Amino acid sequence: MSLASALSDPAVESAPAGTGVLSAAGVALGYARPGSGIHRILQDFSLELQAGEIVALLGPSGVGKSSLLQVLAGLQRPLAGQVRLHGRPLAGPAPDVGFVFQDPCLLPWLTLEENVAFGLDFRHQPRLNDALRHQRVQQAIAEVGLMHARTRYPDELSGGMAQRTALARSLARAPEILLLDEPFSALDEVTRSEMQTLLLEVSARHHAAAILVTHDIDEALLLADRILLLGGQPGRLIGQWRPDRPHPRDETDPHLTTLRVEILQSLRAARPPKQNATP
């Protein structure tokens, strides 16, 4: 078996079960459909996320990528299976897990600084004294390069600045794991590239693991240590790849070009066949 083939085989697991900071075993997702019971969108998904690892989730729309992130964050319960954080069942939102959405979700009546601090008020967060709270917020804002804008309101921020603020809000909570749901998809190419670089820097500096949902194969190849492809009806893990290159990566690297073609071919094959129209 070739290296590329081995890495694209879902049966090839990179680490023994139970060794990850976050793990999922046999997770199934779905929703109730009136008159026809439960409609499954994802089944039998398993993952071991290692400390400091960046995993990209690719797949067609409708296979449950965003819903899976909600489950891994403890915001939604799966139909079946279990999620564990540091080996313990995840029963709800946890301080160790930060979530960054596609929409920055900033509160318009709060300044940038107040929006970053807002994440520390979540019910499941440990209480901090005023000095530590202030330190956390200032460090997070500095880390994303926005100290000059900390007193601005959301309507005074560009799209990239708003997304940096959302990232800082998660960083202020000192998470070990970041879950990111297409956070850069609405940004222009230059800003998107800057945010990708920032994510790599933050992950390396904090040794934080990350799971990134994206529709962009190139983004996955440039950022991820491991790329997982979901597909089928219902969705399941149908392939995984490891871009074996250090950061920063060159998108013209022949190795990445080869993986891009393999992933694109697998993604096309994962799409359901088009139904012929009834005459």
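**Exercise 1.** Work out how many bridges join strand E1 to strand E2, and which way the two strands run.

*Solution.* Begin with the positions: E1 covers residues 22-33 and E2 covers residues 37-49, where strands are DSSP runs (E, at least two residues) numbered from the N terminus. Next, count the links, since two strands pair if DSSP finds at least two bridges between them; here 9 bridges join E1 to E2, and the strands run antiparallel. As an example, Ser23 has Glu48 in E2 as its bridge partner. Finally, look at the turn of this hairpin, where 3 residues lie between the strands and Gly35 takes a positive phi near 85°. E1 also has 5 bridges to strand E4 (residues 80-85), again in an antiparallel arrangement, and there Ala28 has Ala80 as its bridge partner.

The model is a predicted one, in which local features need pLDDT of at least 70 and side-chain atom pairs count only at pLDDT 80 or more, while totals for chains, interfaces and linings use all residues. Residues are numbered from 1 along each chain as its sequence is written, and side-chain values use heavy atoms, with hydrogens and water left out.

**Exercise 2.** Explain why the pair of Phe99 and Phe101 is stacked.

*Solution.* The rule is that rings of Phe, Tyr and Trp (its six-membered ring) pair if their centres lie within 6.5 Å, and that planes under 30 degrees apart count as stacked, over 60 as edge-to-face and the rest as tilted. By this rule there is 1 aromatic pair. The ring centres of Phe99 and Phe101 are 4.3 Å apart and their planes stand at 20°, so the pair is stacked. Then consider accessibility (buried under 20% relative accessible area, exposed over 50%, partly exposed in between, with a 1.4 Å probe and protein chains only): Phe99 is buried at 11%, whereas Phe101 is partly exposed at 30%.

**Exercise 3.** Find which residues are the closest to the centre of the second largest pocket.

*Solution.* A pocket, found on a 1 Å grid over the protein atoms alone, is an open set of points where a 1.4 Å probe fits, with protein on both sides within 12 Å along at least five of seven lines, and lining residues have an atom within 4 Å of a point. The second largest pocket holds about 260 Å³ of space, a volume being the space filled by probe spheres set on the points, which are joined across faces, edges and corners. Among its 16 lining residues, Leu75, Phe99, Phe101, Phe122 and Arg173 are the closest to the centre. Strand E6 (97-100) gives the largest share of this lining, 3 residues.

Conventions:
Helix = DSSP H or I, 4+ residues; strand = E, 2+ residues; numbered from the N terminus.
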